[in-house]
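Here is a short report on a structure. Have the sequence and the 3D view open as you read.

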Amino acid sequence: MGERGDEAVTPAGRLFLQAEMKQVIHCVIGLKNPIDAELVKSQVRNSTMLQHPRFTSLMVRGEGGVEHWRPTEIDIDRHVLIIEEAVGEREEEDESAINKYLAELSIDSDGLSMEKPLWEIHLLKAHKCVIFRIHHALGDGISLMSMLLASCRKLNNPNALPTIAASASTSASKTNLINFRNLLATLWFCFIFALEFILRCLWIRDPKSALTGGAGVELWPRKIATATFSLEDMKTVKTAANATINDVLFAVISSGISRYLDFRAPNGLRDGVQLTGLAMVNLRKHPGLQELSNMMRSNSGARWGNKFGMILLPIYYHRTNTSDPLEYLKRAKAMIDRKKRSLEASFSYKIGDFVMSTLGPKFASLLNYRILCHTSFTISNVVGPQEEIMIGGNPITFLRANNSALPHALILNMVSYAGRADMQVQVAKDIIPDPEFLAKCFEDALLEMKEQVTAKI
């Protein structure tokens with residue numbers, strides 16, 4: 001039993017405290033003006049974040065190793081790390097230096113100290129960059145992005161909170177479920193996913209390729225590059241194909257990976273072979289930032305925390321010199337439409353919750369680790385504000401995110417902000433030595449799709 005005032009860690013939180021699944025999320029903020037460290041500390045002291053008990057509690061283990069949150073006093077100086085000097089080599093560009101710093105953090109074996117609440121803020125003053133490190137046990141990307149943006153204001157309206165684009169309505173899909181035929185199709189897709197999920201846990205794995213990771217690869221040295229996309233270009237392709245931004249994103253990934261494999265290992269895979277990724281899907285309705293802020297103040301656990309499912313994301317290698325760029329989009333759209341009807345993300349969340357509750361975090365961690373070892377990459381996509389914003393009166397130039405290394409040799413994390421989307425391409429550098437080229441493959445894939453659709457207009 002924990003002490004009086006302790007609160008039990010949620011099942012999902014316990015999963016991310018296991019050695020195999022220990023994860024730290026990095027929210028990266030670029031600023032226009034120099035960083036005032038004392039002002040940052042003052043803002044943190046008065047922030048919404050410190051009104052949430054997760055950020056003012058230690059993680060302690062009681063009898064039987066059961067984890068609890070225990071309230072404690074916050075010493076801001078232990079959480080805010082100030083780096084005065086440039087973190088890269090002399091004459092190195094800011095983006096390269098920041099990515100190198102993030103790559104080192106991604107394999108930090110010590111992680112965040114359990115002797116203080118599980119978060120830190122790194123101020124890279126020479127690069128005008130703030131890195132917010134937060135343990136995944138505290139919450140998922142949507143929770144953390146919403147919490148972060150609750151401290152921001154619109155650049156053109158200093159009193160207004162940022163707005164986040166609403167996700168597509170699910171009312172149509174709910175209406176379709178009334179149709180008996182569609183209901184049968186949904187049940188069939190759910191069955192197929194459950195079977196595939198179980199087989200992935202047990203023995204089915206992707207064919208070996210130039211991207212293949214595996215057990216222990218999470219400990220290997222990392223490199224990070226940034227792929228930058230114009231949201232206007234993505235919308236142009238989306239509109240022409242009657243698709244969604246996620247359809248376009250997955251098509252870009254499929255095409256970009258094919259391009260990269262053509263370069264790294266020509267004729268290494270047969271045409272049409274399947275590689276599988278894991279996509280993380282937010283399962284909550286997107287609440288407004290003010291609503292989330294109020295929720296945090298009232299210590300409501302209704303929506304805060306880790307509430308995401310995963311979908312198995314098959315992509316297909318095709319030699320780029322013989323394939324139509326828009327074929328990738330057609331295949332991506334068809335695949336995503338099936339995934340939506342399968343309720344796969346919700347189903348995976350329920351499976352994980354059941355396993356955690358009945359068999360415990362160690363067994364759940366083992367299953368998750370096996371799925372990671374049997375697939376080829378991970379991707380997440382967080383929708384950020386589409387207008388320019390500022391924090392503490394300092395305009396934000398970019399928002400990015402990444403996380404601790406996984407058994408995958410390729411991890412993709414995308415965040416959109418103010419008309420562009422930045423995707424962090426994290427790789428195990430002994431397997432994928434040239435992430436900058438891979439990032440360019442993704443960028444070129446989108447540009448080629450845009451050229452194709454504009455040529456047909």
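## The sheet

A8 sits opposite H68, a residue of β4. This is a predicted model. The strand β4 covers residues 67-71, and β1 pairs with β4 in the antiparallel sense over 2 bridges.

The sheet is open and has 3 strands, in the order β1-β4-β3. Its pairing is antiparallel. β1 (7-8) and β3 (57-61) are the edge strands, and each pairs on one side only. Strands of a sheet pair through backbone hydrogen bonds, either parallel or antiparallel.

## Salt bridges around K41

There are 22 salt bridges in the structure. One of them joins E38 to K41, with 3.8 Å between the closest N and O atoms. That value falls inside the cut-off, because a salt bridge needs the nitrogen within 4 Å of a carboxyl oxygen. Both residues belong to helix α2 (residues 37-45). E38 and K41 are 3 residues apart, about one turn of the helix.

K41 also forms a salt bridge with D77, at 2.7 Å from N to O. This pair links distant parts of the chain: K41 is in helix α2, D77 is in helix α3 (residues 76-79), and 36 residues separate them.

Which of these residues are buried, and which are exposed? K41 has a relative accessible area of 9%, so K41 counts as buried. E38 is exposed, at 53%. D77 is partly exposed, with a relative accessible area of 48%.

D233 and K450 meet in a salt bridge, and their closest N and O atoms are 2.9 Å apart. D233 is in helix α8 (residues 231-241) and K450 is in helix α14 (residues 435-456), so the bridge ties together parts that lie 217 residues apart in sequence. D233 counts as buried, at 12% relative accessibility. K450 is partly exposed, with a relative accessible area of 28%.

Elsewhere, salt bridges that share partners join E95, R400, R420 and D422 into one network.

## Helices α12 and α13

Two packed helices are described by the angle between their axes and the distance between the axes. Helix α12 spans residues 344-359, and helix α13 spans residues 361-373. They pack at an angle of about 140°, and their axes are 7 Å apart.

Which residues meet here? From α12 come V355, M356 and L359. From α13 come P361, F363, A364 and L367. By class, this contact of α12 with α13 has 7 nonpolar residues, no polar and no charged ones.

## Nonpolar cores

How many residues does the largest nonpolar core have? It has 55. I257, L410 and F442 have the most contacts inside this core. Helix α9 (residues 245-264) gives the most to the core, with 9 residues.

L410 can be followed in detail. Leaving aside residues up to four places away in sequence, L410 touches L211, I257, S376, F377, T378, V425, Q426, V427, I432 and L438. I257, named above for its contacts inside the core, is among these partners.

A second, separate core has 43 residues. L17, L31, V382 and V415 are among them.

Key
Residues numbered from 1 in each chain as written. Predicted model: local features only at pLDDT ≥ 70, side-chain atom pairs only at ≥ 80, totals over all residues. Heavy atoms only, no water. Salt bridge = Lys/Arg side-chain N within 4 Å of Asp/Glu carboxyl O. Helix = DSSP H or I, 4+ residues; strand = E, 2+ residues; numbered from the N terminus. Buried < 20%, exposed > 50% of the residue type's maximum accessible area, 1.4 Å probe, protein only. Pairing = 2+ DSSP bridges. Axes fitted to C-alpha atoms, helices over the stretch in contact; angles between N-to-C directions. Contact = heavy atoms within 4.5 Å. Nonpolar A, V, L, I, M, F, W, Y, C, P; charged D, E, K, R; others polar. Core = buried A, V, L, I, M, F, W, Y, C linked by side-chain atoms within 4.5 Å.
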